[in-house]
Amino acid sequence: MSGSESTPLLAANGAKAAVESALGNVKDFTRRPDVRRIALISVLLFIGLSPFSFYPTAAPKEVSPLPPPGKFQWKQCGPDGLVCSKFVVPLDYLNETDNRYIPLAVIKLPATVKPSLGPLFMNPGGPGGSGIGLVRSAGKVFQNFVGGRYDIVSWDPRGIGQSEPMKCFPNAYEQGKFNAFGGSSGSPPSKGADPLTNYAAYVQLLAKQCVKYTGDLLKYMSTASVARDLDALREAFGQDVTNYWGLSYGTFLGAVYSNMFPDRVGRFIVDGVVDPTVFSGDVLDLASGSLVHLDEVIDGFGYECEKAGPLRCALAKNNGTPGHVTKLLRETTEKISNEPMVVVEESETGVLTGDDIRAILFALSYRPSSWPVIVPAFVDLLYDNNPKKLIQIFSSGSIGESCPVDLITAEAVNGVLCTDGKNRPEHSTATGYLKDLDNVSDVSWIAGYLFPIAFLPCTVWPVRAVERYAGPWNRKTKNKVLVIGNTLDPVTPLESAQHLVELMEGSGVLLTQIGYGHCSIAQTSQCTRDIIFDYLVNGLVPESGTKCDVDGSPFSEISAATRKEESIIPDYGFPIMHRLRTRQFV
């Protein structure tokens with residue numbers, strides 16, 4: 001199959017014109033028109049309600065010819081010495097007769113201390129997260145973790161971002177039209193009609209659209225293929241081993257890589273762990289099992305607020321009983337679920353629903369640094385029955401200073417997630433999946449029902465990966481892997497990190513951070529930072545089972561620099577939740 005608009009792949013012996021034509025097919029993320037709440041997509045979950053963090057706008061497309069396979073052509077692409085290149089890899093590593101290649105977008109932030117210890121490869125999670133975006137927005141933060149000793153390197157995985165992104169629509173207009181008429185406009189169903197059945201039909205249509213407009217690439221987006229790309233990058237950088245730090249979904253990539261290439265594992269961190277046996281299994285188990293601590297994190301929001309007192313958290317009352325903040329949040333959410341609030345004013349017009357509040361709470365659970373920022377809006381809602389500030393969050397897309405945001409596309413998530421997993425037979429249809437959803441929805445009052453709905457496309461996904469890795473997970477690695485988990489992570493529970501260490505049978509060591517939020521970077525812990533530095537820079541492996549406290553409460557007085565550092569890391573974990581926030585398909 002030759003390269004075309006629907007399958008933008010490169011032939012190994014393509015002429016210069018063919019290469020430039022293929023590059024012309026690389027599209028940046030399509031901005032989707034929002035029928036109701038574009039601001040919610042832009043700010044919540046991905047950027048954790050922080051005015052400092054953002055998912056950066058993609059860099060301009062390259063128009064120069066590609067480098068030869070396995071080589072780099074570095075060009076300056078930003079401040080602080082940032083350089084970018086395309087990196088051409090085989091589409092199908094397992095078929096030597098297949099001469100198709102795919103160009104990956106790679107970015108490097110050079111070490112500030114010479115000589116460099118080499119590349120530290122980063123994966124931001126998702127699936128669907130952009131490594132280019134991660135390094136542009138937070139490369140210096142990660143460089144601070146290692147004292148400037150490494151080149152911080154990442155890439156957009158195949159089918160993602162600037163690496164031949166998959167697509168499900170010919171243009172943004174058709175994408176917006178699909179959303180507007182696909183049941184996301186909030187129109188009530190006819191008598192006797194089941195809105196979830198209607199939703200499932202449009203999900204099935206979406207899956208077929210993705211096949212139509214992406215073609216063969218879908219079969220090669222699995223994590224196993226991405227792991228082979230990572231190993232090709234290692235070789236191209238001239239490294240004997242891979243030094244790596246993977247966040248959220250990046251921990252599954254790390255688990256796959258360390259078992260496919262155990263003799264090439266260097267200083268290797270998986271942080272905010274996805275249980276590989278669950279991620280590679282049934283999608284409903286993944287969806288429900290991810291949320292086991294979500295409600296506890298929001299309970300922690302209320303607890304920390306009450307402990308800080310009304311001077312630092314105005315939601316707290318001096319004479320309030322323990323737990324009164326969370327209790328009032330839940331009661332108000334349930335009331336508004338039954339009676340949505342409408343605002344019609346000259347400065348603001350909108351509707352606040354119970355699902356909107358749940359969406360905000362879910363976003364808050366990722367990053368405790370955002371907790372003080374949202375308090376004034378909740379004070380107005382809970383104590384003055386005024387939803388205006390919360391509605392403004394949806395309509396303006398910011399709390400305080402705003403930043404430009406490009407989205408991780410839902411189709412990119414599906415392209416990886418739906419090919420890595422293997423559903424049970426009863427979940428091979430949307431009907432069977434929805435039937436069992438009621439049995440697991442009580443895992444969380446915040447997102448126990450709506451979060452698994454976002455995984456529905458995987459029940460009807462028509463493509464299976466050419467290569468899929470689902471174990472074993474106990475291959476002995478050349479070096480010990482540092483496995484990090486938070487005690488109260490809303491989407492990657494500590495139990496997943498503990499299970500991974502058990503599966504690794506001596507190749508992994510567990511570091512537990514006692515705190516809230518998604519991944520260790522959600523809250524500052526000097527203890528954790530020291531261990532990460534010693535491990536990556538000096539090769540010192542901590543004792544498995546080591547525990548680290550965080551430095552203070554989310555409502556305590558910390559430096560502006562620390563608050564900004566906690567906020568600048570983009571939230572890439574399980575980005576399909578943006579569909580929960582807008583009730584859009586893509």
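User: Where is aspartate 275 found?

Analyst: Aspartate 275 lies in the loop between strand E8 (265–271) and helix H8 (276–279). Helices (H or I, at least four residues) and strands (E, at least two) are DSSP runs, numbered from the N terminus. Keep in mind that this is a predicted model: local features need pLDDT of at least 70, side-chain atom pairs count only at pLDDT 80 or more, and totals for chains, interfaces and linings use all residues. Residues are numbered from 1 along each chain as its sequence is written, and side-chain values use heavy atoms, with hydrogens and water left out.

User: Why is aspartate 275 said to have no salt bridge?

Analyst: A salt bridge needs a side-chain nitrogen of Lys or Arg within 4 Å of a carboxyl oxygen of Asp or Glu. For aspartate 275, the nearest side chain of opposite charge is arginine 468, and that's 12 Å away. Lys and Arg count as positive and Asp and Glu as negative, while His and the chain ends are not counted.

User: What joins the side chains of aspartate 275 and histidine 499?

Analyst: A polar contact, at 2.7 Å. The term covers a pair of N or O atoms within 3.5 Å; within protein, one must be able to donate a hydrogen and the other to accept it, and residues adjacent in sequence count only if both atoms are side-chain atoms.

User: Why is cysteine 84 called buried?

Analyst: Its relative accessibility is 13%, so cysteine 84 counts as buried. Buried means under 20% relative accessible area, exposed over 50%, partly exposed in between (1.4 Å probe, protein chains only). Cysteine 519 gets the label too, with 5%.

User: How do you know that cysteine 77 and cysteine 84 form a disulfide?

Analyst: Their sulfur atoms are 2.1 Å apart, and a disulfide is a pair of cysteine sulfur atoms within 2.5 Å. The structure holds five disulfides.

User: What makes the disulfide of cysteine 168 and cysteine 210 right-handed?

Analyst: The torsion about its S-S bond is about 90°, so this disulfide is right-handed. The pair links distant parts of the chain, 42 residues apart, with cysteine 210 in helix H5 (residues 195–214). By contrast, the link of cysteine 305 and cysteine 313 has -90° and is left-handed.

User: How confident is the predictor in the protein chain?

Analyst: The mean pLDDT, the predictor's confidence in each residue from 0 to 100, is 82 for the protein chain. Over residues 11–63, though, the pLDDT is below 50. Where pLDDT is low, the predicted coordinates should not be read in detail.

Notes: Contact means heavy atoms within 4.5 Å.
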